[in-house]
Amino acid sequence: KQDKPAFIELALKLHDSVVPALKAIDEKNPEALLEAGDAIDRACEGCHLKYWYPNDQEAQRQYAERLKLP
């Protein structure tokens, strides 16, 4: 309730990350599904870092490093 706009933004990022996964499933494209899975994981982790373990500095650092990967 305290930061509803941020929560909605994170939920939309999760939604947007799942759409390519559904497309990959429909196309039976395992490579695209693997790529989509990584995006889903990043979306989930972004939300977890904000709401589940926001004070975990090491998790925050690792997530930031991961976002820099190609």
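The following conversation walks through a predicted model of one protein chain.

Biologist: What is the mean pLDDT of the protein chain?

Modeller: The mean pLDDT (the predictor's confidence in each residue, from 0 to 100) is 91, and 97% of the residues reach 70 or more. Residues are numbered from 1 along each chain as its sequence is written. In this predicted model, local features need pLDDT of at least 70, side-chain atom pairs count only at pLDDT 80 or more, and totals for chains, interfaces and linings use all residues, while side-chain values use heavy atoms, with hydrogens and water left out.

Biologist: Where is confidence lowest, and where is it highest?

Modeller: Helix H3 (residues 57-67) has the lowest confidence, at a mean of 88, and helix H1 (residues 4-27) the highest, at 95. Helices (H or I, at least four residues) and strands (E, at least two) are DSSP runs, numbered from the N terminus.

Biologist: How many helices and strands are there?

Modeller: The chain has three helices and zero strands, in the order α-α-α along the sequence. Its C-alpha trace spans about 40 × 25 × 15 Å along the principal axes.

Biologist: Changing topic, how many salt bridges does a search of the whole structure find?

Modeller: The search finds eight salt bridges, each defined as a side-chain nitrogen of Lys or Arg within 4 Å of a carboxyl oxygen of Asp or Glu. One of them joins the side chains of Asp-3 and Lys-50 at 3.2 Å, N to O. Asp-3 lies in the segment before H1 and Lys-50 in helix H2, so this pair ties together parts that are 47 residues apart in sequence.

Biologist: Are those two residues buried, partly exposed or exposed?

Modeller: Asp-3 is partly exposed, at 31% relative accessible area, and Lys-50 is partly exposed, at 38%. Buried means under 20% relative accessible area, exposed over 50%, and partly exposed in between (1.4 Å probe, protein chains only).

Biologist: Which salt bridge does Arg-66 make with Asp-38, in terms of distance?

Modeller: The side chains of Arg-66 and Asp-38 meet at 2.6 Å, N to O. Arg-66 lies in helix H3 and Asp-38 in helix H2, so the pair ties together parts that are 28 residues apart in sequence. Asp-38, Asp-41, Arg-42 and Arg-66 are linked in a network of salt bridges.

Biologist: And what of Glu-27 and Lys-23?

Modeller: Their side chains form a salt bridge at 3.9 Å, N to O. Glu-27 and Lys-23 are four residues apart in helix H1, so about one helical turn separates them. Lys-23 is exposed, at 52% relative accessible area, whereas Glu-27 is partly exposed, at 47%.

Biologist: What about Glu-45, is it buried or exposed?

Modeller: Glu-45, in helix H2 (residues 30-51), is buried yet has no salt bridge. The nearest side chain of opposite charge (Lys and Arg count as positive, Asp and Glu as negative; His and the chain ends are not counted) is Arg-66, 6.3 Å away.

Biologist: Which residues does Glu-45 touch?

Modeller: Glu-45 touches Tyr-53 and Tyr-63, not counting residues up to four places away in sequence; contact means heavy atoms within 4.5 Å.

Biologist: Finally, what share of the residues is buried?

Modeller: Buried residues make up 19% of the 70 residues in the chain. Among contacts between residues at least 6 apart in sequence, 48% join residues at least 24 apart.
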